[in-house]
Number of protein chains: 2
Amino acid sequence: MSDITKIRAAADRLSGHARLTPLLNSPLLDARAGRQIFVKAECLQWTGSFKYRGAWSAVSALTPQVRANGVLAYSSGNHGQGVAFAARQHGISAAVLMPADAPRVKIDNTRAYGAEVILYDRATEDRDAIGAALAQARGLSLIKPYDDEQVIAGQGTIGLEIALQARTAGIRQGQVLTCCGGGGMTAGIALALHADAPGLQARPAEPEGFDDTARSLAAGHILRNDRSAGSLCDAIVTPQPGALTFPILQRLCGPGLVVSDDEALQAMALAFTHLRIVLEPGGAVALAAALFRADVSDQVIVVGSGGNVDPAVFLTALQRFGT
Amino acid sequence: MSDITKIRAAADRLSGHARLTPLLNSPLLDARAGRQIFVKAECLQWTGSFKYRGAWSAVSALTPQVRANGVLAYSSGNHGQGVAFAARQHGISAAVLMPADAPRVKIDNTRAYGAEVILYDRATEDRDAIGAALAQARGLSLIKPYDDEQVIAGQGTIGLEIALQARTAGIRQGQVLTCCGGGGMTAGIALALHADAPGLQARPAEPEGFDDTARSLAAGHILRNDRSAGSLCDAIVTPQPGALTFPILQRLCGPGLVVSDDEALQAMALAFTHLRIVLEPGGAVALAAALFRADVSDQVIVVGSGGNVDPAVFLTALQRFGT
């Protein structure tokens with residue numbers, strides 16, 4: 001079961017490996033938003049997203065014998081980079097199955113971290129079948145992107161850091177908005193906050209059309225998205241909440257928030273101008289919710305979860321919303 | 001006299017106000033550069049540049065009676081924003097004299113921090129005369145951008161942090177490259193490293209055509225630039241090294257490094273892709289030197305000194321050098 005003990009154990013394993021990312025804010029951004037916004041800048045994490053934490057946690061939790069055979073990941077890009085780099089640091093091989101339409105920068109970087117990248121066609125090929133055959137043939141351990149206790153525990157270390165940083169910043173009450181795909185980070189953070197900062201409540205934020213978590217929380221049971229592609233927020237497009245993550249979200253999280261692709265792009269431009277960090281669309285969804293939704297706490301912490309973005313997409317954000 | 005005692009005193013005054021900025025690196029950036037590069041990300045500092053440190057140091061060092069009359073700064077933008085925000089935090093007024101051709105984002109932000117911005121024409125008006133008349137009429141204290149002991153002391157706190165962070169990262173020998181205009185930051189960092197990390201040597205980096213410090217160090221006496229404008233690196237274009245800063249640079253720094261505007265733009269694009277931070281051209285000069293000059297140590301620390309850049313300039317960097 002996922003719990004705070006596993007998160008603290010993951011924090012011990014991650015110590016000296018994961019970066020303690022800063023909690024950033026800006027008086028000019030606050031003036032613009034009409035509330036105080038603090039951004040946990042996980043785009044500054046190794047490999048450019050929080051995914052490195054879960055990847056390191058899971059890879060380091062394998063027994064040395066099992067680990068030595070290598071690992072396998074499915075990923076649109078950020079999880080793959082995290083697994084690739086964590087594997088390299090452990091001296092083992094990694095194979096990463098990526099959709100052929102993943103952002104170029106993510107494919108290139110996953111290769112650059114030393115992983116074998118295997119591309120597949122989302123529309124016509126069965127990722128799970130390809131992965132299962134590969135894992136069987138080579139004895140690889142599958143590192144799932146979110147529905148894995150050690151991955152949830154690794155992402156939960158963000159929540160431990162937020163609890164401490166919020167206390168230092170004098171924040172005791174409020175909401176912590178997360179960019180939510182399958183819910184691994186949201187679940188981990190919710191568990192950590194429940195233990196270490198009970199005045200802070202996690203709330204998932206999602207892109208329009210891919211708000212499976214918000215709808216599932218409202219319905220009280222798991223619902224799927226109608227579409228599987230077509231959002232700028234590629235990093236957090238998943239078919240439905242995870243079997244392990246959803247019960248945690250149901251127990252601990254506030255209602256989901258939904259933003260448009262345009263709002264995510266505008267959040268990227270404001271993070272550029274006021275915080276000088278690079279966010280990708282899927283990593284800017286929580287910030288967009290804090291900027292543009294009314295029903296958010298006056299002091300709010302958001303996770304800027306990743307910054308691996310093709311220059312063309314960043315150009316669009318600046319051209320349309322840069323000031 | 002500028003010395004380590006003043007820097008440590010400034011660090012005490014800055015404690016709880018300045019951000020401890022992270023020292024970032026990336027294995028993919030290192031592979032690209034052929035050396036290990038660590039970036040002290042001062043673009044994440046309040047107001048988006050290291051200038052906030054010197055501004056806070058100088059404003060906080062004034063006696064309360066003198067301070068109450070308000071402060072005045074000359075600035076192409078970053079120093080002005082630092083002074084404006086530090087003044088607001090002290091509850092006093094700030095007037096900032098800025099060239100009318102300063103980047104729009106810097107003018108807007110200086111105003112947004114509550115300062116009165118007075119624009120002048122670089123070509124036809126005498127900044128010093130305008131400023132002197134204003135200071136006299138209102139009893140304002142002039143906060144100089146670099147040739148001021150308390151400003152040098154404030155910037156020197158970057159060096160104290162680098163000394164600690166380098167030790168944690170296992171770096172004991174090597175060079176620390178700074179983006180150098182009038183030399184306030186370079187002098188402060190050089191003094192701090194000399195005291196706390198004697199294996200690390202500061203070296204100023206400058207844009208082509210505005211390499212007054214490199215030429216002055218080589219000549220052994222202060223030389224001026226031929227031009228006063230025309231570099232993308234607006235933040236670090238100054239007429240000549242400072243009277244207070246140059247002797248410190250002569251005593252403690254290695255030879256200067258020079259980069260082209262194109263190299264600065266390329267460094268911005270690489271920082272975007274691999275570190276997910278926003279650097280302005282003048283804030284990317286030290287990184288550019290680490291990337292593109294041969295005579296730099298195998299392990300090198302660079303200051304990413306600022307990130308206040310108009311979107312159009314950032315677009316150019318990504319369009320030309322983004323990958």
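This is a predicted model: local features need pLDDT of at least 70, side-chain atom pairs count only at pLDDT 80 or more; totals for chains, interfaces and linings use all residues.

Colleague: Is Thr47(A) buried or exposed?

Modeller: A residue counts as buried if 20 or more other C-beta atoms lie within 10 Å of its own. Around Thr47(A) there are 29 other C-beta atoms within 10 Å, so Thr47(A) is buried.

Colleague: What is the phi of Thr47(A)?

Modeller: Thr47(A) is not a glycine, yet its phi is positive. The value is about 65 degrees.

Colleague: Where does Arg276(A) lie, and is Arg276(A) buried or exposed?

Modeller: Arg276(A) lies in the loop between H12 and helix H13 (285–292) of chain A. Its phi is also positive, near 60 degrees, in a residue other than glycine. Because Arg276(A) has 28 C-beta neighbours inside 10 Å, it counts as buried.

Colleague: How far apart do the C-alpha centres of domain 1 and domain 2 of chain A lie?

Modeller: Chain A is divided into domain 1, which covers 4–50 and 148–321, and domain 2, which covers 52–142. The distance between the C-alpha centres of these two domains of chain A is 23 Å.

Colleague: Which element gives the largest share of the side of domain 1 of chain A that touches domain 2 of chain A?

Modeller: The contact takes 27 residues from domain 1 of chain A and 21 residues from domain 2 of chain A. On the side of domain 1, the elements that give two or more residues are helix H1 (4–14) and helix H8 (149–168) of chain A. The largest share is seven residues, and it comes from H8(A).

Colleague: How do the residues on that side of domain 1 of chain A divide into nonpolar, polar and charged?

Modeller: The side of domain 1 of chain A that touches domain 2 of chain A holds ten nonpolar, 13 polar and four charged residues.

Colleague: Which element gives the largest share of the side of chain A that touches chain B?

Modeller: This contact takes 20 residues from chain A and 20 residues from chain B. Helix H6 (104–112), helix H12 (261–274) and helix H14 (311–321) of chain A are the elements that give two or more residues to the side of chain A. That side divides into 14 nonpolar, five polar and one charged residue. Its largest share, four residues, comes from H14(A).

Colleague: Why do the copies meet through the same surface?

Modeller: One compares the interface residues of chain A with those of chain B. Of the interface residues of chain A, 100% are also interface residues in chain B, so the copies meet through the same surface.

How values were computed
Residues are numbered from 1 along each chain as its sequence is written. Chains are lettered from A and ligands numbered from 1 in the order in which they are written. Two residues are in contact if their C-beta atoms, placed from the backbone, lie within 7 Å. Ala, Val, Leu, Ile, Met, Phe, Trp, Tyr, Cys and Pro count as nonpolar, Asp, Glu, Lys and Arg as charged, and the others, Gly among them, as polar. Domain bounds come from an automatic or database domain assignment. A residue is buried if 20 or more other C-beta atoms lie within 10 Å of its own, exposed if 12 or fewer, and partly exposed in between; C-beta atoms are placed from the backbone.
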